Amino acid sequence: MEPFIVSALKYRPQTFKDVVGQKAITDTLENAIAHHHLAQALLFCGPRGVGKTTCARILAKKINQQGNENQSADEDFSFNIFELDAASNNSVDDIRSLIDQVRIPPQVGKYKVYIIDEAHMLSQSAFNAFLKTLEEPPKHAIFILATTEKHKIIPTILSRCQIFDFRRITVNDAAEYLAYIAEQQGIEAESDALHIIAQKADGAMRDALSIFDRVVSFSGKHLTRKAVTENLNVLDYDTFFETTDLIVANDIPALLLLFNQTLALGFDGQHYISGLASHFRDLLVCQQPQTHVLLEVGEEAKAKYAAQAKSTDKNFLLSAIDLANDCDMHYRASKNQRLLVELTLMKLASLTFQAEKKKPDFLIPATHFRQNDYQKAPGFSIEETATAPIPEAIKNVETPKSEGTTAPPKNANTPSKPISLKTRAKGVSGLSISSLKTKKAHEEAKQEAVDDTNLPQEPFAEKDLRKHWNLYIEILEKKGQKILASNLHADIPRLGETFVIAITLPNNTMKKEVERAQGPLLKYLKEQLQNHSITLQVNVDEEAAKKFAFTPEEKYQKLIEKNPALEVLRKTFDLDF
């Protein structure tokens, strides 16, 4: 399907009364043209996008049509219309060029119309150069100055112009005109969707048409409120209705989660809080039937506002507007903007909370929400651990009794007491020796008890023992456990009675390292030798330590003992080691 594009030029008003929302101005212009009371210098001022330049072009066409009854209705007299963008042509030379053109009378029609857009951008010298021509213009010249900032026009220019103040087009008028366009193009559009577009346009019909084009090109010929909010990236009414319901219900946790979801969708915190302030304003407007006309929303949204306004108090809405407006003003200067909005939401939810003594900055205490039955998050919980029942294996363990005391009688129906937090084991650091011991003990405790009576106990030779011993050392070296492999390689294992494997190490440090890692070693040997009665005996021989040389000096002394001539060689040639 090809994208559907609506051309704004196609729906440009052809008469003054077709200009949406500017009926008072258009009636004045038509009366001035009909009675020849139109001044030769006009000033159109107002916000951007309200139709100032469009009205100037229509006016130029209407002026030349007067007195030219033989001309065709489609004749636009485009040769009699001259436009000057003062934003980019604001020098004295540009004004002088314009003055030179003014002297030439029109070839067709009665008037030449000069439209100067963004007239406030002219420099002071350009205004002074233009002033003389504006005071005494030729009879065939009409000047129309369009500006968005009337206060920047010098008073001498203002005093010589007929001023027309253009105001923003109302949301209802813009929505009605968009509905007319949708009907002409065969587009099904919801009323709330058109009102959102009109609100986003901020009183500019040109912007409303552009937004309408963009939304229709993405959504097709069925325009819904959801499609408009998604394409324009605006917060829907439902978000603020839900926020207000949670505020009235004093539900701070759910309110903060809703704000987090809004941020996750890509909306700014200031956009959220300013929209909430506008929502409170709309609810306040709905408090009285006389002010319902100030609510610029669709009929469906009006019903929702009226229903929610009944559940809110006027004093609450005034306080809520004050808090939201204060947050909006301080948002840009805040270092932690999210915290500022969250604190404001908590204050809003605490406005209607019933408390005995309420301070101005009162917040609902956290203990209030602990009484509610919230769903517990999965994971570790201190309360669950503290109140967990004692396992049966621990219950059956008999504790030693001191002399002179008797154990209380056991009752099978007596419920087990929860473990107190004071009696829990002291925690250990994850990077300490104690943690390694605790981890090892935990792993050993998890291993199931094995019945040794049915396991194989095949005899084996010492040669087979040393073979698998060396293979295990190679496995350790491949895993990078060089120290343990070196300790096991320090002595040759010997097979004793009842399948006891004995090794002798030079110091206690090596002994502790081997004993700490003997579990995997024995498991490997038992599986390879098919004998589950194997045990390991590690002995320490301090004299054997002398057999090992670790430092360069000790290695040199060992070499001297084997060959004393090395010492003579060192002294003769004055060598050092």
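User: Glu462 is partly exposed, at 27% relative accessible area. How do I read that label, and what counts as buried or exposed?

Analyst: Buried means under 20% relative accessible area, exposed means over 50%, and partly exposed is in between (1.4 Å probe, protein chains only). Arg466 gets the partly exposed label too, with 33%. A word on the basis: this is a predicted model, where local features need pLDDT of at least 70, side-chain atom pairs count only at pLDDT 80 or more, and totals for chains, interfaces and linings use all residues. Residues are numbered from 1 along each chain as its sequence is written, and side-chain values use heavy atoms, with hydrogens and water left out.

User: Which residue forms a salt bridge with Glu462?

Analyst: First the idea: a salt bridge is a side-chain nitrogen of Lys or Arg within 4 Å of a carboxyl oxygen of Asp or Glu. Here Glu462 pairs with Arg466, and their closest N and O atoms are 3.0 Å apart. Both sit in helix H20 (residues 462–479), four residues apart, so about one helical turn separates them. Helices (H or I, at least four residues) and strands (E, at least two) are DSSP runs, numbered from the N terminus.

User: What about Glu342: buried or exposed?

Analyst: Glu342 is buried, at 19%, while its salt-bridge partner Arg338 is partly exposed at 39%. Their closest N and O atoms are 3.0 Å apart, and both lie in helix H15 (residues 337–349).

User: How many salt bridges are there by this rule?

Analyst: The count is 18. Among them, Arg96 and Asp93 meet at 4.0 Å, N to O, and Arg48, Arg206 and Asp207 are linked in a network.
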